[in-house]
Amino acid sequence: WLFFDYLTYSGLLSIAQFFWVKVAYIPVIFVPLFFLHFSLSFLRINKFKKILIAGYLFSGIFVLMLLLTDHVVSGIERHYWGNYPKVGFLHNFLLIYFVGLLAITFWLFYSYSKDKTRPPQERNKIKLVLLAFIVGYLGSTDFLPKYGVEIYPVGFAFISVWFIVVAYAIVKHRLFDINVVISRGTVYALTFFLGVLPAGII
């Protein structure tokens, strides 16, 4: 969605292509839900299945409202840095949903990072992933311009830091044991090309 943000900022996606601005907003709806789903898998938690199912249901409803109405994203506004989406009244409910799922997920990570029954190395992994997502979700400040706050959306920078921290966790702490499959160089290269380079371009 950052690529579509770039197209919107630069004016390459105009009012005539407003539908594609909406399509690019779909990942934003699913971000907190995927984060919760990931946390339940990563922490090996078998609870909260009903919340997860409800989350997918609500996300689907928000996607339908996004694509079929102008009440989630209502248009494009011109700011000093470029064009940016303008939100409708249903976006307030999306924001409540977004924050609610994040609160549950961060609480799970925090409580499990303090669980003394878990090995210290595992708690360190949990803390590192928690730190990465805290930094990444500072990118939520990008919601502010959508509500008329005239600040430059710098969420891409926080997401770049998220990529770097996760890559460090993969290489140094065998997060997901992924370094058994791919080399350290590949991890750093993917981090640069998928995270840092696109953010720099934006």
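Among contacts in the protein chain between residues at least 6 apart in sequence, what percentage join residues at least 24 apart? I find 65%, where contact means heavy atoms within 4.5 Å.

**Entry 1. Basis.** I note that this is a predicted model, in which local features need pLDDT of at least 70 and side-chain atom pairs count only at pLDDT 80 or more, while totals for chains, interfaces and linings use all residues. Residues are numbered from 1 along each chain as its sequence is written, and side-chain values use heavy atoms, with hydrogens and water left out.

**Entry 2. Overall fold.** I looked up the secondary structure and found eight helices and two strands in the protein chain. Helices (H or I, at least four residues) and strands (E, at least two) are DSSP runs, numbered from the N terminus. Along the sequence their pattern reads α-α-α-β-β-α-α-α-α-α. Of the 202 residues in the protein chain, 43% are buried; buried means under 20% relative accessible area, exposed over 50%, and partly exposed in between (1.4 Å probe, protein chains only). The chain exposes about 11000 Å², and carbon and sulfur atoms supply 71% of this area. Accessible areas come from the Shrake-Rupley method with a 1.4 Å probe; for residues, only the protein chains shown count as cover.

**Entry 3. Helix α4.** The 24 residues of α4 should span 34 Å, and the end C-alpha atoms lie 35 Å apart, which agrees. The buried residues of α4 include L94, F98, L101, T105 and F109. The buried residues of this helix pack against α2, α3, β2 (82-87), α5 and α6 (143-146).

**Entry 4. Aromatic pairs.** I counted 15 aromatic pairs in the structure. Rings of Phe, Tyr and Trp (its six-membered ring) pair if their centres lie within 6.5 Å; planes under 30 degrees apart count as stacked, over 60 as edge-to-face and the rest as tilted. The F35 and F109 rings are stacked because their planes meet at 20°, with centres 6.0 Å apart. This pair links helix α2 (residues 18-42), which holds F35, to helix α4 (residues 90-113), which holds F109, across 74 residues. Both partners are buried: F35 has a relative accessible area of 3%, and F109 has 0%.

F35 also pairs with F133: the centres are 4.0 Å apart and the planes at 20°, so this pair is stacked. F133 lies in helix α5 (residues 120-137) and F35 in α2, so the pair ties together parts 98 residues apart in sequence. F133 counts as buried at 12% relative accessibility. I find F35, F109 and F133 in one aromatic cluster, whose members also include F98, Y137 and W162.

**Entry 5. Salt bridges.** In the bridge between E122 and R44, the closest N and O atoms are 2.9 Å apart. E122 belongs to helix α5 and R44 to the loop between α2 and α3, so the pair ties together parts 78 residues apart in sequence. R44 is exposed, at a relative accessible area of 60%.

R118 counts as buried at 13% relative accessibility. D115 and R118 also meet in a salt bridge (3.7 Å, N to O), and D115 is partly exposed at 25%. I record R44, D115, R118 and E122 as linked in a network of salt bridges.

Key:
The expected span of a helix is 1.5 Å times one less than its number of residues. A salt bridge is a side-chain nitrogen of Lys or Arg within 4 Å of a carboxyl oxygen of Asp or Glu.
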